[in-house]
Amino acid sequence: MRLKRALPIVTAAALLVALAPSPASSAPATHDLSVEWMNGYPAPGTPARYDKVGVLKVGPSSAKNVLVLEPGTSAGSAYFVPLARWIVSKLPGWQVWSVERRENLLEDQSELNLFKQHKVNSTQLYNYYLGYLKDPSISPHFQMIPTSSVEFAKDWGMNVAVQDLHDVIAAARRLGGKVVLGGHSLGGSVVTAYATWDFNGRPGADDLAGLVYIDGGSTATPVSPAQATTALAALDPAGATPWLAFGGIAAPYAGVFSATGGGSALLDPNALSLGQTSGLLPTTIVPPVPATNEGQFGYALNVGTSPMSLLAAQAHLGRGISPTGPLHGWDGAGALTPITRFATMFSGLGVANADGTEWYFPERLTIDSGAVDNGNSNPAQRVLGVSATLGRRLPRRLLIYAFGARLGGSGVLVDAKQIAAQSGIPASNLLLISRQSTYAHNDPAGAYPRNAFFAGLMRFLARVAR
């Protein structure tokens, strides 16, 4: 299946996982990772405090080679942490840098940080981010960001993302080793945009040793100029939100539900799910029996129980709701992606001030991704200010790894082959793996301890490092 547009990592309806009003676990927790922010692109109209780009670094600081990973739609840097830890455990000469885009500076991670450290319980977490909506007496609580105060984010499109990424790549190159750029879902489109971007007559790929596409990329069929113009016009009016919404759920709640729901599945896995009685969940993802936090989380996101409309949210998390009750947990037998690993990816447990989602994802980035066109100039790029035009001038030495799962499938491989062919990159430089029939969209990053994507990545990075 070809990717006709950027694919969301998680659909909002699936993120409405439960928080339980019960004491937090007594197990220890620490923030052993944190995002490092560096100066980014000075975007016109953007306050200087937001002209930053973050990286979550995993691996020994002495390692010279760097795999930079770009998250997909509404995904944050912590999404890649379990995968990154696994990579560096096998390849000590590498670091993994997961990108934290500038929009995440807008998030209020304060109560989530306390929850991760077991300093507040699930009730307090729920009340701070969501409970106040039903009980106005709850104070203090999460504060919404007025749309009028973030008009500048309407311009946070592909140019801003690529220019910020340019600063990250430059920092990685200063270590003196090889730099590989990879991306999941929409992150794959950003990878192509960066590699083919016109940086003063040079493509971004000149600074890279390899590209990695994880069930996502651009396509050879760009949007039309009329479509691009219409999309910009819808974004332009004063009061129009700059943020993408999933399933009718306005920002920031898709991210809030994901981060707090994943956290409760980890730290209060056996508590009764609040979601079944909260009225927040669509009936299609509510278990038919009383479920725990972990049970609710798994039921909403597992390929065996999650509805077809939520393909972008899914992983193979196991057999399903446990048949034993009266409170039903999760049976993870046969999982590709262990449910605790999946919940860690989205909650950001162990990471300070960040999680695996973006609470505020710029609509403009989704719009612009439709014009990348495997790095070939087209009229829509001129409308949108996208400069991914050097797709026929990539270095022939470039290595490319493309992995297709349930959503991108063979289309990811087809696009990778076109990118190579149009620049004369030999077919021997490509590693192409399709697991469309067996891997869900999020299994490449989550599957453990058997993972076809990871096995291919090990071979690929070993070749890069030669």
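Let me start with the second largest cavity, which holds about 90 Å³ of space, and please keep in mind throughout that the model we are looking at is a predicted one. Sorted by class, the lining has 8 nonpolar residues, 5 charged residues and 1 polar residue.

From there, let us follow the chain to the loop between α3, residues 122-129, and α4, which is where Pro 140 lies. The peptide bond that leads from Ser 139 into Pro 140 is cis, and its omega is near -5 degrees. There is another cis peptide bond between Tyr 448 and Pro 449, with omega at about 5 degrees, and Pro 449 sits in the loop between α14, residues 443-446, and α15. While we are on the backbone, look also at Asn 200, which has a positive phi of about 55 degrees although it is not a glycine; you will find Asn 200 in the loop between β7, residues 198-199, and β8, residues 202-203.

Now to the packing of helices, and I would like to begin with α7, residues 253-267, and its partner α9, residues 293-301. How closely do the axes of α7 and α9 come, and at what angle do they cross? They come within 8 Å and cross at roughly 130 degrees, and because angles from 65 to 115 degrees count as roughly perpendicular and those over 145 as roughly antiparallel, this value makes α7 oblique to α9. The crossing of α7 past α9 is left-handed. On the α7 side the contact involves Gly 261, Gly 262, Ser 264 and Ala 265, which meet Asn 293, Glu 294 and Phe 297 of α9. By class, that contact has 4 polar residues, 2 nonpolar residues and 1 charged residue.

The helix α7 also packs on α10, residues 339-347, where the two axes come within 8 Å and cross at roughly 140 degrees, and α7 and α10 are therefore oblique to each other. Here, too, α7 passes its partner α10 in a left-handed crossing. In this contact Ser 258, Ala 259, Gly 262, Gly 263, Ala 265 and Leu 266 of α7 meet Thr 340, Ala 343, Thr 344, Phe 346 and Ser 347 of α10. The residues divide into 6 polar and 5 nonpolar, with no charged residue among them.

The last pair I want to show is α1, residues 81-90, with α15, residues 452-464, whose axes lie 11 Å apart and pack at an angle of about 45 degrees. That angle makes α1 oblique to α15, and α1 passes α15 in a right-handed crossing. Which residues make this contact? From α1 they are Leu 83, Trp 86, Ile 87 and Lys 90, and from α15 they are Phe 453, Phe 454, Leu 457, Met 458 and Leu 461. When these residues are divided by class, 8 are nonpolar, none is polar and 1 is charged.

Definitions and conventions. Residues are numbered from 1 along each chain as its sequence is written. This is a predicted model: local features need pLDDT of at least 70, side-chain atom pairs count only at pLDDT 80 or more; totals for chains, interfaces and linings use all residues. Side-chain values use heavy atoms; hydrogens and water are left out. Axes are lines fitted to C-alpha atoms, for helices over the stretch in contact, and angles run from 0 to 180 degrees between N-to-C directions. Helices (H or I, at least four residues) and strands (E, at least two) are DSSP runs, numbered from the N terminus. Angles under 35 degrees count as roughly parallel, over 145 as roughly antiparallel, 65 to 115 as roughly perpendicular and the rest as oblique. A crossing is left-handed if the near helix is turned anticlockwise from the far one by less than a right angle, and right-handed if clockwise. Contact means heavy atoms within 4.5 Å. Ala, Val, Leu, Ile, Met, Phe, Trp, Tyr, Cys and Pro count as nonpolar, Asp, Glu, Lys and Arg as charged, and the others, Gly among them, as polar. On a 1 Å grid over the protein atoms alone, a cavity is a set of points where a 1.4 Å probe fits but cannot get out, and a pocket is an open set with protein on both sides within 12 Å along at least five of seven lines; lining residues have an atom within 4 Å of a point. Grid points are joined across faces, edges and corners, and a volume is the space filled by probe spheres set on the points.
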